[in-house]
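Here is a short report on aromatic contacts. It covers ring pairs and charges over rings.

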Amino acid sequence: MTPSRRTVLAAALGAGAGAATTAAGIPAATATDLPSATPAADLPPATAAGPPRAAAWRLRWAPSARDVGTRAFETVEDDRAASHPAAKPHIRTEGDAFRFDIHTVDRDTHTDRQRQEVTGCRTGDTYLTWREGETWRVTYRMYLPRSLRATTTFTHIMQMKQPGTGTSPIVVQSLRRVGGEQTVELKVFGGDVLVGRTALEPLHDSWTDVDFRITIGDGASGAVRWILKSGGATVVDASKTGVDTFLADRVRPKWGIYRSLGDTSGSLRDTYMLLTGMRAHQLV
């Protein structure tokens, strides 16, 4: 049985000790944050003669959709219930972007919902493991067409989860109707903690830059920061500390379209989403 959030044995490590941080506990951006930073070798260790080296972001994952295709990910969940084989692949590349298609006839193995998602960050035959006490950051650009609408129930387009069946989400980026308005939001799942929310419609049919950061901590030792930019302007920059961002084992990102069929607004359409420029950095 999967341990609950409250029964998981906590190491309660403080992540990113000694790093430059914002007031919310997430490291501030520096020149090393740029997506074009050289992916690479380990930073040199501090010497006995010199001062300790400041913490910095290390680029750990930078796939090209054109070159590696869906092998950029640890797993691919493409119509896992075989509900719509004529449309496969639902997850594919389009130029140097990853494309996720979903149709109103698609069904997940849980037939009250739909899912076309990928998980994890893979390079060659290895994948990144995100552990308790670590701080990670993912950046990418997403294209949300007008046909991808917010719903009255869940429509997740990014999740942080513990690998394995039957585990709850840890963090979700979702398209949700609030008071009849379409929004995009980020929540910490445990405690239903809203990190930030902004209007979705101005982001439709355009590229949006996503910058998500997570300090992985049990109980109240976790933190997240979420930044969205459109047309060079910041539309949301929100943070939360003292939140639960760990269940057990490790944390793994997921991207794609995962939505409930219980929507009551008539918003479900055949649609898609594009992601490009995907990067993962670790604070070291």
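Over the face of which residue does Arg137 lie? Arg137 lies over Trp57, at 5.8 Å from the ring centre. A charge sits over a ring if NZ of Lys or CZ of Arg is within 6 Å of the ring centre and within 35 degrees of the ring normal. The charged end of Arg99 sits over the ring of Tyr272, 4.0 Å from its centre.

This is a predicted model, where local features need pLDDT of at least 70, side-chain atom pairs count only at pLDDT 80 or more, and totals for chains, interfaces and linings use all residues. Residues are numbered from 1 along each chain as its sequence is written, and side-chain values use heavy atoms, without hydrogens and water.

The structure holds 9 aromatic pairs. Rings of Phe, Tyr and Trp (its six-membered ring) pair if their centres lie within 6.5 Å; planes under 30 degrees apart count as stacked, over 60 as edge-to-face and the rest as tilted. Two of the pairs are tabulated here.

| Pair | Centre distance | Plane angle | Class |
|---|---|---|---|
| Phe73 and Trp255 | 6.3 Å | 55 degrees | tilted |
| Phe154 and Tyr258 | 5.1 Å | 50 degrees | tilted |

Strands (E, at least two residues) are DSSP runs, numbered from the N terminus. Tyr258 is also in strand 16, so its pair with Phe154 ties together parts 104 residues apart in sequence.

Buried means under 20% relative accessible area (1.4 Å probe, protein chains only). Phe73 is buried at 2%, Trp255 at 0% and Tyr258 at 8%. Ring pairs also link Phe73 and Trp255 into a cluster with Trp61, Phe98 and Tyr140.

How values were computed
Buried means under 20% relative accessible area, exposed over 50%, partly exposed in between (1.4 Å probe, protein chains only). Helices (H or I, at least four residues) and strands (E, at least two) are DSSP runs, numbered from the N terminus.
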